Amino acid sequence: MTTTGAKPEGAKDEAGAAQAVQQMFDAIAPRYDLLNHVLSANVDRVWWGRTARRFKAVLADPDAAVLDICCGTGDMTMALLKRRPEGARPLLAADFARGMLSRGARKFGKQDRAEGAAYAVPLEADALHLPLRSESLDLIVSAFGFRNLANYEAGLREFNRVLKPGGQLGILDFSEPGGLLGKAYAVYFRRVLPAIGRAICGKEGPYSYLPASVGNFPPPQEMLSLMQSTGYEQCAWKPYTFGIAGLYAATRALVA
Ligand SMILES: C[S@@+](CC[C@H](N)C(=O)[O-])C[C@H]1O[C@@H](n2cnc3c(N)ncnc32)[C@H](O)[C@@H]1O
């Protein structure tokens, strides 16, 4: 492994990296949804939906304990909720940036859902130190959040701790496609996207950080090896939309 975790500009250590990420998301929270949909031309909705479909069996179980970690403004959570039966055990939706989480809570909270519909409970928490019992969850999903963790191995180990043996993990995140398409996409991702991001949100940092963080993220083979070495089985990566994004899916080994 050459990479350990996210490295926002100027961060000197893991604590500094986590703090920079938290402050950045709090700062862009008011514009986050708008920017997301503009920059991805709404393809993000398809990715969240596909991710939820991958775990439809566990989501259909009303008693399943499910966590959406790094839930942000809650669109992955909403896609997961679509697959929960009425009256199902509430999902947990966790994030450490209060500005993001509070916006999410207005979408997925009990008060904003139809009577009897499944809902999620917001939890302000750090993915690397989850305030949850060991071996208590059936499914953990993270969309576009894992890449921002200050230490990827520590994140996978913490998810492993709270998952039940046989529990499932899904990590949806960006990737860097290869070939000619990859080259064309790199121009969009590294030049056009940061410029649009700056124009809409009026801030320099976050949309330069995005391509840099994807470049710093381990490629699929490396991520899969890391998952295997931290106690997961049946590890697989499914590319979405020519590999611009992709879903890592794995099962927590029966013996940790
Ligand atoms: C790009 S947003 C993704 C939000 C949402 N899941 C989505 O798909 O739109 C990444 C989120 O991860 C959160 N995050 C990053 N590191 C975290 C950590 N260590 N613990 C909890 N949340 C974290 C950020 O606060 C941010 O809300």
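Which residues are buried in α3? In this predicted model, the buried residues of α3 are D44, W47, W48, T51 and A52.

**Helix α3**

- Helix α3 comprises 12 residues, 43-54, and at 1.5 Å a residue should span 16 Å; the C-alpha atoms at its ends lie 17 Å apart, which agrees with that expectation.
- D44, W47, W48, T51 and A52 are the buried residues of α3.
- These residues cover an arc of only 135° around the axis, which means that they lie on the same side of α3.
- An α-helix has 3.6 residues a turn, so residues three or four places apart point the same way.

**Second largest pocket**

- The volume of the second largest pocket is about 220 Å³.
- Its lining consists of 11 residues, and those nearest the centre of the pocket are K7, P8, E9, Y209 and A212.
- Two or more lining residues are given by each of the elements α1 (14-28) and α9 (206-216).
- Helix α9 supplies the largest share of this lining, with 5 residues.
- By residue class, the lining of the second largest pocket contains 5 nonpolar, 4 polar and 2 charged residues.

**Residue A154**

- A154 is located in helix α7, which covers residues 152-162.
- The relative accessibility of A154 is 31%, so A154 counts as partly exposed, a class that lies between the cut-offs of 20% and 50%.
- A154 and T230 are 76 residues apart along the chain, and their C-alpha atoms are separated by 9.0 Å.

Technical notes
Residues are numbered from 1 along each chain as its sequence is written. This is a predicted model: local features need pLDDT of at least 70, side-chain atom pairs count only at pLDDT 80 or more; totals for chains, interfaces and linings use all residues. Side-chain values use heavy atoms; hydrogens and water are left out. Helices (H or I, at least four residues) and strands (E, at least two) are DSSP runs, numbered from the N terminus. The expected span of a helix is 1.5 Å times one less than its number of residues. Buried means under 20% relative accessible area, exposed over 50%, partly exposed in between (1.4 Å probe, protein chains only). The arc is that of the directions from the helix axis to the C-beta atoms. On a 1 Å grid over the protein atoms alone, a cavity is a set of points where a 1.4 Å probe fits but cannot get out, and a pocket is an open set with protein on both sides within 12 Å along at least five of seven lines; lining residues have an atom within 4 Å of a point. Grid points are joined across faces, edges and corners, and a volume is the space filled by probe spheres set on the points. Ala, Val, Leu, Ile, Met, Phe, Trp, Tyr, Cys and Pro count as nonpolar, Asp, Glu, Lys and Arg as charged, and the others, Gly among them, as polar.
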